[in-house]
Amino acid sequence: MKNSIMIKRMVGLATLCAITFVLQFWIAGILPKLPIGGGTAINLALIPVVVGAILYGPVGGLMVGLFLGAVTLLPGQGAEGFYVNWYMTILAIVLCLAKAGLAGFLSGLAFKLLFKKNYYVAIYATAIVAPIVNTGIFLLLYGVLIYIMTGSAYGPTFAATATAVWIMFLVELSVNILFAPALATLTKILTRNYDLGFVGYLKNYSDENSIDEAVDTEEIVED
């Protein structure tokens with residue numbers, strides 16, 4: 001039984017990772033750019049990370065987030081500019097993996113903590129936490145990279161990138177908030193109609209109204 005659940009969970013997470021790859025590697029280049037910050041791309045790749053955090057908990061969010069971080073290390077995603085020597089390469093890898101991985105983990109933790117309070121508040125909190133953590137960790141570790149390269153963590157190089165990053169953050173935050181109602185509906189549909197190894201505090205509430213009623217029961221099952 002436990003092996004069956006693990007297999008279903010692996011299938012679900014693999015599907016989310018595949019969607020993440022498509023959104024980050026291909027769709028981001030197809031979508032029109034916003035006329036701000038020199039042409040800011042609309043990035044939807046954090047959405048499957050949020051879905052993973054909701055359906056599979058903090059660990060699931062972490063796994064999908066780490067996959068997203070790994071994708072951003074591929075050629076054409078911007079990280080290759082730091083591959084100047086072995087230690088800068090390692091720091092760049094840590095940066096990309098840490099920002100997306102922690103975004104998935106902490107957004108999953110937010111949903112888990114708020115789920116029993118209010119389902120919709122939990123959904124919105126999860127959608128908001130992901131871009132905040134993703135951007136915050138990036139700026140923190142990017143400052144370390146710039147300091148190693150230039151001797152100044154907050155010089156002109158950092159300022160120029162930080163401006164673009166903040167614009168991207170606002171775009172990602174807006175996209176996640178706009179998609180939050182759809183995420184709430186998607187979660188209900190998936191938990192009602194499919195068995196893909198979802199976390200215990202979701203899988204016990206698989207009918208249309210039961211998620212909303214979860215706050216009124218003590219039958220939450222933890223993994």
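A pocket is an open set of grid points with protein on both sides within 12 Å along at least five of seven lines, and its lining residues have an atom within 4 Å of a point. The views below show a predicted model.

**Figure 1. The second largest pocket and its lining.** This pocket has a volume of about 190 Å³. Its lining comprises 14 residues, and those nearest the centre are Gly-12, Thr-15, Leu-16, Leu-55 and Leu-190. At least two lining residues come from each of the helices α1 (2-30), α2 (46-71) and α5 (156-193). Twelve of the lining residues are nonpolar and two are polar, while none is charged.

Figure 2. Thr-126 belongs to α4, which spans residues 119-150. Thr-126 counts as buried because its relative accessibility is 0%, below the 20% limit for that class. Its side chain reaches the backbone oxygen of Ala-122 at 2.7 Å. Beyond its neighbours within four places in sequence, Thr-126 is in contact with Val-50, Ala-53, Ile-54, Ser-107 and Phe-111.

**Figure 3. The largest nonpolar core.** This core has 34 residues, of which Leu-55, Phe-111, Ile-123 and Leu-202 touch the most other members. Two or more residues are given to the core by each of α1, α2, α3 (86-114), α4, α5 and α6 (200-203). The largest share, ten residues, is that of α2.

**Figure 4. Phe-111 and its contacts.** When residues up to four places away in sequence are not counted, Phe-111 touches Ile-54, Tyr-119, Ala-122, Ile-123, Thr-126, Tyr-201 and Leu-202.

How values were computed: Residues numbered from 1 in each chain as written. Predicted model: local features only at pLDDT ≥ 70, side-chain atom pairs only at ≥ 80, totals over all residues. Heavy atoms only, no water. 1 Å grid on protein atoms, 1.4 Å probe; cavity = no way out; pocket = protein on both sides within 12 Å on 5 of 7 lines; lining within 4 Å. Points joined across faces, edges and corners; volume = space filled by probe spheres on them. Helix = DSSP H or I, 4+ residues; strand = E, 2+ residues; numbered from the N terminus. Nonpolar A, V, L, I, M, F, W, Y, C, P; charged D, E, K, R; others polar. Buried < 20%, exposed > 50% of the residue type's maximum accessible area, 1.4 Å probe, protein only. Polar contact = N/O pair within 3.5 Å; in protein donor to acceptor, adjacent residues only side chain to side chain. Contact = heavy atoms within 4.5 Å. Core = buried A, V, L, I, M, F, W, Y, C linked by side-chain atoms within 4.5 Å.
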